[in-house]
Amino acid sequence: MTVGVLALQGDFREHCAVLRRIGVEPIEVRLPRQLEQVERLIIPGGESTTIGRLLTIYQMLELIRARAGRDLAIWGTCAGAILLASVVTDQKQGGQPTLSLMNLTIQRNAYGSQLDSFEAPITMPIIGENPLQGVFIRAPRIISVESGCEAVGWLEDGSVVAARQGRLLATTFHPELTDDDRVHRLFLEL
């Protein structure tokens, strides 16, 4: 199994460190030729507009879309989840480039600014009974989960923070910033 981490911007190094810790040597994906080598791709947190524009500049947006329907499992964390969503509620006119692969509606920076970042327990039965500690940094909020997509993780107030659609996974939090590798292991099993 080959796992790539999109390494254009954001916290790709942290995802790579978790993968190495669980015995998987990741490929840092910066160009289409590296994308062609992987069977799984993590799109990290960072700045979704910047990542979307860089995917366009490096001609990988359409390649990822095409492969997602065929042979590529994808996990987006925070900004990566925004890029996977079919609807982003607060886009400006012209918006940002997105992959639009998951039947999700998502709101960017839904909890506020960097100062409003927080940690909270997440219920995610798909990875086990024990709560997962979620790190939310300028986090988006999943507003709705539509046909073919299912919610798989929640905050105590019932807010959806993780969703799955086939071999696609979106999390609005940062599992790579904790010592808990269960979400990474889940992704490797998709």
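1. Basis of the note. The model is predicted, so local features need pLDDT of at least 70 and side-chain atom pairs count only at pLDDT 80 or more, while totals for chains, interfaces and linings use all residues. Residues are numbered from 1 along each chain as its sequence is written, and side-chain values use heavy atoms, with hydrogens and water left out.

2. The sheet. Seven strands form an open sheet in the order β2-β1-β3-β4-β12-β11-β10, and their pairing is mixed. Strands here are DSSP runs (E, at least two residues) numbered from the N terminus, and two of them pair if DSSP finds at least two bridges between them. At the edges lie β2 (27-29) and β10 (150-154), each of which pairs on one side only. Neighbouring strands of this sheet are turned by 20° against each other on average, direction ignored; the axes are lines fitted to C-alpha atoms, and angles run from 0 to 180 degrees between N-to-C directions.

3. β10 and β11 (residues 160-165) run antiparallel and are joined by four bridges. The bridge partner of G153 in β11 is A162.

4. The largest pocket. This pocket holds about 200 Å³ of space. A pocket is an open set of points on a 1 Å grid over the protein atoms alone, where a 1.4 Å probe fits, with protein on both sides within 12 Å along at least five of seven lines; lining residues have an atom within 4 Å of a point. The volume is the space filled by probe spheres set on the points. There are 15 lining residues, and G46, E47, C78, I137 and R138 lie nearest the centre. By class, the lining has five nonpolar, six polar and four charged residues; Gly counts as polar, Cys and Ile as nonpolar, and Glu and Arg as charged.

5. Salt bridges. The structure holds seven salt bridges, each a side-chain nitrogen of Lys or Arg within 4 Å of a carboxyl oxygen of Asp or Glu. R182 and D180 meet in one of them (2.8 Å, N to O). In another, the closest N and O atoms of D181 and R185 are 3.0 Å apart. D181 is buried at 17% relative accessibility, whereas R185 is partly exposed at 40% (buried means under 20% relative accessible area, exposed over 50%, partly exposed in between, with a 1.4 Å probe and protein chains only).

6. A network. Salt bridges that share partners join R67, R70 and D71 into one network. Within the R70 and D71 pair, the closest N and O atoms are 3.9 Å apart. R70 is exposed, with a relative accessible area of 59%, and D71 is partly exposed at 34%.
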